[in-house]
Amino acid sequence: MSRKTGRQIDPPAAETEARYASPPCYAGDFPGHFGEEAPSAEALRIERLNALLEAERAGAKVLAILRDELDARAPLRGLLERLQQDEGRNAVVLYKTIRRLGGVASHETGAFVHKTLAIDGLEARLHFLNKGQAWVVRKIDEVLPDMEDGEARAMLEAMRVSHVDNIAACEAALGSPPPR
């Protein structure tokens, strides 16, 4: 209020806004901040297994597409068929494992399909496929230390071996290391 006039003096708009402004709240990014329980170790394992499931499903789909683009007599077609069957088998086993462990299995397919098909040329796509196979190996390596279920552990170890073998087979068929 002004002493001379007795009228209310409104502060400039910038001062009002500054007084009431608050920084964005990132509390939702930290589980447990609002009193909800943080995800259990089992829930995190299921989440990781679902990420692998989605990747395997995407790998199987990509390999089926790449295989079907080849002539039936192309020597590479047999390799792609074998790799596609491995990916499909891994997806089925992951799905069943997630369910057996009491989790809800994802029905999604990873973005790997679109990323691979956006690349021009079969050779470049196969090099990218091998990067995806190596990603799966790394993710399995992250999951294994926390996997307490013996059957799931054995499945992941077998899946890891198949991916390492498939990477080597694909590199051999390509005849050259991937571009860096």
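The following legends describe close-up views of a predicted model.

In this predicted model, local features require pLDDT of at least 70 and side-chain atom pairs count only at pLDDT 80 or more, whereas totals for chains, interfaces and linings use all residues. Residues are numbered from 1 along each chain as its sequence is written, and side-chain values use heavy atoms, with hydrogens and water left out.

**View 1. The largest nonpolar core has 18 residues.** A nonpolar core is a set of buried Ala, Val, Leu, Ile, Met, Phe, Trp, Tyr and Cys residues joined through side-chain atoms within 4.5 Å; buried means under 20% relative accessible area (1.4 Å probe, protein chains only), exposed over 50%, and partly exposed in between. Leu 49, Leu 52, Leu 94, Ile 140, Leu 156 and Met 159 have the most contacts inside this core. At least two residues of this core come from each of helices H2 (41-69), H3 (75-100), H5 (122-143) and H6 (150-174); helices are DSSP runs (H or I, at least four residues) numbered from the N terminus. With five residues, H2 gives the most to this core. A second, separate core comprises 14 residues, including Val 62, Leu 80, Phe 112 and Cys 170.

**View 2. Ser 106 lies in the loop between H3 and helix H4 (112-117).** Ser 106 is buried, with a relative accessible area of 11%. Its side chain forms a polar contact of 2.6 Å with the side chain of Glu 54 and reaches the backbone nitrogen of Glu 108 at 3.0 Å. A polar contact is a pair of N or O atoms within 3.5 Å; within protein, one must be able to donate a hydrogen and the other to accept it, and residues adjacent in sequence count only if both atoms are side-chain atoms. Not counting residues up to four places away in sequence, Ser 106 touches (heavy atoms within 4.5 Å) Asn 50, Leu 53, Glu 54, Arg 57 and Tyr 95.

View 3. Among the buried residues of H5 are Arg 125, His 127, Asn 130, Gln 133, Val 136 and Ile 140. H5 has 22 residues and reaches 31 Å from its first C-alpha to its last, close to the 32 Å expected at 1.5 Å a residue, where the expected span is 1.5 Å times one less than the number of residues.
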